[in-house]
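Subject: Structure handover

Hello,

Here is the structure you asked to look through. Please open it first, then read my notes below.

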Amino acid sequence: MAESSLHQAAKTAGAKSYLQIVDVVKKFGDNTVVDHINLSIAKNDIFALLGSSGCGKSTLLRMLAGMETPTSGKIILDGEDITALAPYERPINMMFQSYALFPHMTVAQNIAFGLKQDRLSRSDIAERVERMLELVQMKKYAHRKPYQLSGGQQQRVALARSLAKRPKLLLLDEPLGALDKKLRQQTQLELVNMIEQVGVTCIMVTHDQEEAMTMAGRIGIMSEGQLLQVATPGEIYEHPNCRFTAEFIGETNLFGGHVVEDEPDHVCIHSIELPRPVRVGHGITGTMGMPVWLSLRPERVGVSRQQPVVSGNWAAGTVGDIAYLGGFSIFHVRLDSGKVVKASVPATHWREEAAPTWNEPVFVSWTDNDAVVLTQ
Amino acid sequence: MRQRMINVIAAGVLAAAAVPAFANGKVLNIYNWSDYIAPDTVKNFEKETGIKVRYDVYDSNEVLQAKILTGRSGYDIVVPTNAFLAKQIKAGVYQPLNKAKLANYKNLDPDVLAQATKFDPNNAYAVPYFYGINTLAINAGKVKAALGSTPLPANEWDLLFKPEYVSKLKSCGVSVLDSPAEALPIAAHYLGKNPNSNADADWQASANLFKQIRPYITRFSSSGYINELANGSLCLVLGYGGDLNIAKRRAEEAKNGQVLRVLAPKSGVMLWMDSMAIPKDAENVDNALAFINYVMRPEVAAANAKAVSYATPNKAAKGQIENKFLYDASIYPTTEIQQKSFIQLPLEAKTQRLQTRLWTEVKTRK
Amino acid sequence: MMSRLLSLRDSRAAAARPARRSAWWQRALPRGQSLVTAIPYGWLLLFFLVPFLFVLQISFSDVEIASPPYRALLSRAEDVVSLALNFGNYRYIFGDPLYFDAYLSSLYMAGVTTLICLVVGYPIAYTIARAPEAKRNTLLMLVMLPFWTSFLVRVYAWMGILDNEGLLNQALLALGLIDEPLQLMHTQLSVQIVMVYAYLPFMILPLFSNLVKLDGRLLEASADLGCRPWQTFLRVTLPLSKNGVIAGSMLVFIPAVGEFVIPELVGTPESLMIGKVLWMEFFDNNNWPMAASVTIVMVALLIAPIIYLHKREEKALARAAAR
């Protein structure tokens, strides 16, 4: 924790913070939905709030948009305290979940909607709408009504509408949630490109980790109203700081255990689910004997018929299930303790010999740098 | 045939709400004016004959006429007023009465029956039930106060038709019947014209008379005036004699200090007569005749007359009616008044239309 | 339609025996869906078109002292069927300014009533639509509650309120706000008040059912894009409730044009509305053909704008689809 906290603090301090969320709390009655959130976001960052439904991410987003008022705390954007401003007074625009396009207006009218409110001249509005339509490649649909568009087209109109006013902050609420899976993957990068082309600071809310990892420069993991970890997608995946994050992002094998050896450069963890202590090549903040969790990503686990020669970091078991996924396969290996360990093995691994089959005795192994200790 | 089917369906659409429940057997369907019979007459008739009576009421000749001309009204006895009766007889909707079954017919006043031949030749289709007048009533105290030193005119119709009188009464409320057919003939009669005229000029003149006094008429009402006259918010009313007497009685009972007088102008009034008739398509003709015969019994006719305070055409019943009714000229107009009065006869369609049109002009002041 | 109904009846008899191949009646039998759409059409046919044709037929007829009191259009003499159409009624309607004035004052009265109902009813409908769901039904019940009493009784109740000796005047007198009773009854004002009262629910209900469907996120989107609440109302809520406004206005306007009872009971003798003209033609003049003609002209006056609106809507749709 110390390390990742430090890491985070360094990162925050290093970036010139453009948006600051300071100790924001939101309660509905006795129910605390957003619990003392502190967050800084740099200009032109794309930041994703990731969490399962009900974690408070949407409420946080709505507080940024001004549709909810924080119970306490402050929101500062570009040096201005906007906590008390009404939605229509904020230099912030939002792309709504399922887009909320005005059904009685054409695509062009939807995009022009906010501009008219800014009292821009007719020609300015037309020009800006034109540019937005170009950006989202919807020029030839300018005079269609929303119901005449496909889901992907609607999504682009919604983006254009929220970008048209050149907001200081763009909010995306489940931006791809209404699209089917295939279209979603294709759209993710398109969307990022467009946002980067305009150069706007952006916060998105999503429950889809893939979406967050693909689109965002930094991710904040939320659970039960709290921000558990804020880091780049890579850091979050490789160095989750808690059990929740480790489980939430990607797949992992978790082992409960306690510290049996605590050195500055490594620790040893004993778990009853594993036959021998696990050596992990990084230090932790903790004491001898404290209970911890060990996270081991499937792709870090090797499978072989030969017993590994190293002293620790392996276990014997039998193959339970094999999920063949083309480029790689997931082996479900049942250890002697009964614990099932998932191992993702690339197909190229089995060039010399045939891959193990069901009920075949195998060994699973990993190196000092593969497992991560979670103290929370 | 085709025409007939259309009529049946049209009748169904127009009169679906009013199909009586009983059609056959010992039943009788009566359609009469509201409050136009003693409370126990029907009950006594049922007890005596075992005939089950369904008794429905209406409050305007127009409603009755719409139903009866549509056909298949389902009623065995209806009670239209003179001019309406005449027209309906002409339209062929009634059947001639079998007088052999009306033993009490002899009780009727021959003078009244003679009058009735004007709209029912030979008394073939209808039996007079009640007759009465349309006249004026005043709130004596309020009229006296409003007129001040001016005395009541010799011709009491001047109260309504002479601006010098009626203009003073405006402040205490003047109401006239809201019906061209009831109001305009009275003006024609006042002007000395034929109240059954088919000449346009006569009706123009009558309407002009009303137009002159229109600014002083505060209400056009055919029923609502009863309450307002009784409680003192009207002081001069052209209305139905019976209604005006009801208002007078109510004011007396309320002891509210309003002294009402129902006038019987010597220059004549409008007479009317309601008669019982049997529709051509009636299904219970014998029962209908039995009922008509029953109400012509002197004691039944007298009881009805007491209940409704209109004039009975039943001469034999008069012995059982109190003098205060018999000698009230607003109920039983004297022979002298009757001679100067008129009774309405059916007008040509174009005259009727003209009356309605002129009356609209009077009301809307155009 | 007729053949469909007939085939339906036959099908019931045939249903008893199992059908191995598709019989003629099966082919003639409407599919479930077309049967459902046939119901409103059948309803309109039976309760609008057929009576309308009767009335239309009578309107070309002439008065006659008979039962019914008009001449048949078709007459047969020695195997020759002759059709006699009488256009005199229509000529009369267009020749006498009385009818024009009556139509005009009815349309005016109905128009003002509709407008007031809209202005008063919209906020009510909006409030109910935005109320918490638990409260909504109660509020709707309150709107519909007056329907539990007879319409006539409610009009009489208003007479008791507006009368010179009525509740309102007595209250104002007691408060010392006025020295003598205000003339409220038998004025245009009293007609207007009671008309608005009587027709308000017909405005609120369709507006409510429209507004309740309004997506709250559209309002948030509007605020997000810089609209203050009243701007959101003008730019989003109002245009989106257009159909509710049209439906409510029609439901108020159309019956209000023909309103007879309210002007008759609380109105002035000076104002002549078409409902009263109809009454006079039918009852005073006993002139069914004329009454029918007045009705036909009224229906034409009401249907023309509906057809116009409908056509315009269709054109707009076609234009949108062409793009």
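**Confidence and ground rules**

Chain B has a mean pLDDT of 90, and 93% of its residues reach 70 or more. Here pLDDT is the predictor's confidence in each residue, from 0 to 100. This is a predicted model, in which local features need pLDDT of at least 70 and side-chain atom pairs count only at pLDDT 80 or more, while totals for chains, interfaces and linings use all residues. Residues are numbered from 1 along each chain as its sequence is written, chains are lettered from A and ligands numbered from 1 in the order in which they are written, and side-chain values use heavy atoms, with hydrogens and water left out.

One stretch needs care. Over residues 1–23 of chain B, pLDDT stays under 50. The model has 30 contacts beyond four places in sequence for that stretch. A contact means heavy atoms within 4.5 Å.

**Which chains touch**

Two pairs of chains touch, and chains B and C have the most contacts. Chain A and chain B share no contact. Their closest C-alpha atoms lie 44 Å apart.

**Chain C against chain B**

Chain C brings 32 residues to this contact, and chain B brings 33. Together they bury about 2900 Å², with 58% of it on carbon and sulfur atoms. Buried area is the accessible area (1.4 Å probe) that two parts lose on being put together, summed over both.

How many salt bridges are there between chain C and chain B? The count is five. A salt bridge puts a side-chain nitrogen of Lys or Arg within 4 Å of a carboxyl oxygen of Asp or Glu. One of them pairs Lys276(C) with Asp178(B), whose closest N and O atoms are 4.0 Å apart.

Four helices of chain C each supply at least two residues to the side touching chain B: H3 (32–59), H5 (97–130), H14 (274–284) and H15 (288–322). Helices (H or I, at least four residues) and strands (E, at least two) are DSSP runs, numbered from the N terminus. H14(C) gives the most, with six residues. By class, this side of chain C has 18 nonpolar, six polar and eight charged residues. Ala, Val, Leu, Ile, Met, Phe, Trp, Tyr, Cys and Pro count as nonpolar; Asp, Glu, Lys and Arg are charged; the others, Gly among them, are polar.

**Chain A against chain C**

Here 28 residues of chain A are in contact with 21 residues of chain C. The two chains bury about 2200 Å², 56% of it on carbon and sulfur atoms. Which residues of chain A lose the most area to chain C? They are Tyr88(A), Phe113(A) and Gln117(A), together 29% of what that side buries.

The rule finds one salt bridge across this interface. Glu220(C) forms a salt bridge with Arg62(A), and their closest N and O atoms are 2.7 Å apart. Helix H2 (57–65), strand E6 (92–95) and helix H3 (107–117) of chain A each supply at least two residues to the side touching chain C. H3(A) gives the most, with four residues.

**Annotated domains**

UniProt (unreviewed entry) places "domain: ABC transporter" at residues 19–249 of chain A. That span is 37% helix and 27% strand. The UniProt annotation "domain: ABC transmembrane type-1" (unreviewed entry) covers residues 103–309 of chain C. That span is 78% helix and 0% strand. UniProt positions are given in the numbering used here, feature names are shortened, and annotations may be inferred rather than shown by experiment.

Best wishes
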